[in-house]
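I opened this notebook to record what I looked up in one structure. The entries follow the order in which I took up each topic.

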Amino acid sequence: MTTRALLRSASAAALGLALMVALPAVFAQNDTNIPGATSGGIPGQEQHGPSGPGAEPPRGNVVAPSSAPASSPSSTTDVAAQQPSGTLPAPKQIPLVPAQATWNTFHGQLNAQKYSPLTQITADNVKSLVKVWEYHTGDMSDGSGDRPTSVWSATPIFANDTLYIGTPFYRVIALDPGTGKVKWTFDSKSTLKALTQPALKNRGVAYWQSPNPVAGQPCQKIVYLGTMDAQLFAMDADTGKLCQGFANKGVLNVNQWNDVNNKYPLSLLQPPTVAGNHVIMGWAGKDWAYAEAPPGTVFSVDPQTGQRQWSFAALPPEIAPRTGTANVWTGMSVDEGLGLVYLPVSSPSPNYWGGNRTEKIPLATSTTALNLETGEVVWSRQWVHHDIWDYDINSAPTLMDITVNGQQIPALMQATKMGFLFVVDRRTGKDVWPIEERKVPGGDGSIQGEVYAPTQPFPTKPAPLLDQSKKPPIWWVADALGLGQCSRLWKSLDYAGMYSPPTHNNNGVLAYPDSAGGVQWGGVAFDPRGKTAIVNFSHVVQSIKLYPRKEYEQLAGGSGNEQGFYPQEGAPYGMSLDNALNWLGMPCWAPPFGEIAAIDMSTGDIKWRRPIGASQKWGFYMPESMGSVTIGGPAVTAGGVIFIGASMDAKVRAYALADGKELWSDIVQAPAVANPAVYEYKGREYVAFIAGGNTILKDQVGDQVAVYALPQ
């Protein structure tokens, strides 16, 4: 039904309810916090380097390669804010794409392709998919009792002929992959309090196995679970019993290393990245609360002992005490053949004012490649200079081998909140398609102590997923029912294109895309056979305003899940963040609210794009042509199928890789905000979704594992 037909068939009140779905209050950054103001300028002609009169050379875009010898940091010492060495480790004969079907990490494989070579389920027969088993953990909360709301974004891990899941109550459950029968459970008995996040959160577990297992010895295969209070648990993958030789009888207190600006625990919400003989951990914090916060150190520990091997910090040690974060709160990717781990690094604190960190911090808001064995920086590319928009790099870069203009390139695609897809050579960080430094708006003089980067990087290919060059069009339905409220709001918000800075003037600055994304932490999937990248992304508009401290203290009200007032304690400015909605709760910006697209990675051109999902609330579904804001990412198979949940309407779907046609869907308990898993067990192909919900989308939580296969 079209919007016009809907209007004719419903009363204004019913329409208000139906459309109130509108949009997530916005999704999270540290998995939890929203982001700030963004604007946009669209790349023009392809040319390398700065463009426009007076444009400055890339600021902080440090790219390798030099022939200088690498200096290896000593064991257990921090490697803080290094300059890239440009020295690649000696390559190993380890293929980027595993020879066998693999789904033993958060993104399926260490390359973050989220790809399965299985072909039993195809674009022709996926319509026959049925749910073959489901499991309910019992670990969920709607926030009405003593416990905070639960947010469950865990990708199921298939390893050791077992499906492992972590829950938002910080338990691990090992299931039979074919039946869902419980093999064992482990309860960390962790504190179920919202220490750094507004909700109880978990994105799953990690898995390691010894390349040379010792017969009869426990913990030759290990499952790891992190908690919000900064504890890492290691348990035997066969029995669920704690590994007594790991740290303190199976538990590593990561917070023992929280020794600068210890304002909150280093929350381990994202499962570690396990590669070779390394368990590599980033952490999540409490956004928008403090100007001075813990610096975002990444730790590598021994898989069996928990002993620290190396540490990396993006903040220079002389700057870290007066700022903080620049952490890695999302997944990482690894090229074991090149011996590199790729870190998506977030922005420093406070997120929306940078007067305490006016020096260049080139490793912040970057993709940084480290030597897997030593933690040494090999190369780094900064995607936002002097980030004052909370534009964290929020997803693991996707590694891919592509051919461009006849040249074979080991590439990396970094999706961003800004709706940009940066593509570089993963050996060196050099552009595959030109990335231009372009002039961006400066400040209006209302914010004291701030500095502004004169240029920012813009990719020329692929083209931006969103048109951030101007304010997005107003949705006439919301404006009409709001009696012109949206039009008045648009006029009251500053916006001069992408990277319009936060302001104290008027109603603040229009943020598009908002700092939640653009592309969220689910990241990009990649089909290595057809050289096609798949990405889902959202259209969300917010407003951001800074308030001098005294004014903030007088005006500040409460904050919700990703919107409201936030103090930035220790900075001269507090801030507010609001979704651009009318009085009925309808989005003021025109649909679609979410899309999915496929990109030809030989040319950088978009092959197809279409709205994804449906906005839904209180039983009302909007037309799918309007799409839905999404949280979570896609998986792709050699059978020509894309699987994804992610949408408000609590449906899981299959799309055709060839043309984006929707082929299949099913309703699950809550929005499936986790990446799906695709695996084979005893000759049968399965697709597993976790339907746990996220109250940023809507007030619907779940505890369901839903697993699908073709009928036998």
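**Entry 1: Methionine 601 and the cores**

I began with methionine 601 and, setting aside neighbours within four places in sequence, I found it in contact with Met400, Ile402, Thr403, Val404, Met413, Val423, Trp433, Phe526, Lys531 and Ala533. I note here that the model is a predicted one.

I then looked up the largest nonpolar core, which has 70 residues. Tyr164, Ile402 and Met601 are the residues with the most contacts inside that core. Strand E23, residues 407-415, gives the most to this core, with four residues. Apart from this core I noted another, of 39 residues, which includes Val668, Ala677, Tyr679 and Ala691. As general background, I recorded that nonpolar side chains tend to be buried together in soluble globular proteins.

**Entry 2: The largest pocket**

I next turned to the largest pocket, which holds about 760 Å³ of space. Its lining consists of 35 residues, and the closest to the pocket centre are Asn104, Thr105, Leu110, Val274 and Glu336. Which elements give two or more residues to the lining? I listed strand E10 (206-209), strand E14 (273-275) and strand E18 (333-335). Strand E10 supplies the largest share, four residues. Sorted by class, the lining has 19 nonpolar, 14 polar and two charged residues.

**Entry 3: Salt bridges**

I looked up the salt bridges and found that the structure holds 16. In one of them, aspartate 335 pairs with arginine 426, with the closest N and O atoms 2.7 Å apart. This pair links distant parts of the chain, 91 residues apart: aspartate 335 is in strand E18, and arginine 426 is in the loop between strand E24 (421-425) and strand E25 (435-439). Are these two partners buried or exposed? Aspartate 335 counts as buried because its relative accessibility is 5%, and arginine 426 counts as buried because its relative accessibility is 3%; the cut-off for buried is under 20%.

A salt bridge also joins the side chains of aspartate 392 and lysine 417, at 3.9 Å from N to O. Aspartate 392 lies in the loop between strand E21 (377-382) and strand E22 (398-404), and lysine 417 in the loop between E23 and E24, so the pair ties together parts that are 25 residues apart in sequence. I recorded both aspartate 392 and lysine 417 as buried.

Arginine 438 and glutamate 436 meet through their side chains in a salt bridge of 2.3 Å, N to O, and both residues are buried. Finally, I noted one network, in which salt bridges with shared partners join Glu624, Asp649, Arg653 and Glu662.

Technical notes:
Residues are numbered from 1 along each chain as its sequence is written. This is a predicted model: local features need pLDDT of at least 70, side-chain atom pairs count only at pLDDT 80 or more; totals for chains, interfaces and linings use all residues. Side-chain values use heavy atoms; hydrogens and water are left out. A nonpolar core is a set of buried Ala, Val, Leu, Ile, Met, Phe, Trp, Tyr and Cys residues joined through side-chain atoms within 4.5 Å. Buried means under 20% relative accessible area, exposed over 50%, partly exposed in between (1.4 Å probe, protein chains only). Contact means heavy atoms within 4.5 Å. On a 1 Å grid over the protein atoms alone, a cavity is a set of points where a 1.4 Å probe fits but cannot get out, and a pocket is an open set with protein on both sides within 12 Å along at least five of seven lines; lining residues have an atom within 4 Å of a point. Grid points are joined across faces, edges and corners, and a volume is the space filled by probe spheres set on the points. Ala, Val, Leu, Ile, Met, Phe, Trp, Tyr, Cys and Pro count as nonpolar, Asp, Glu, Lys and Arg as charged, and the others, Gly among them, as polar. A salt bridge is a side-chain nitrogen of Lys or Arg within 4 Å of a carboxyl oxygen of Asp or Glu.
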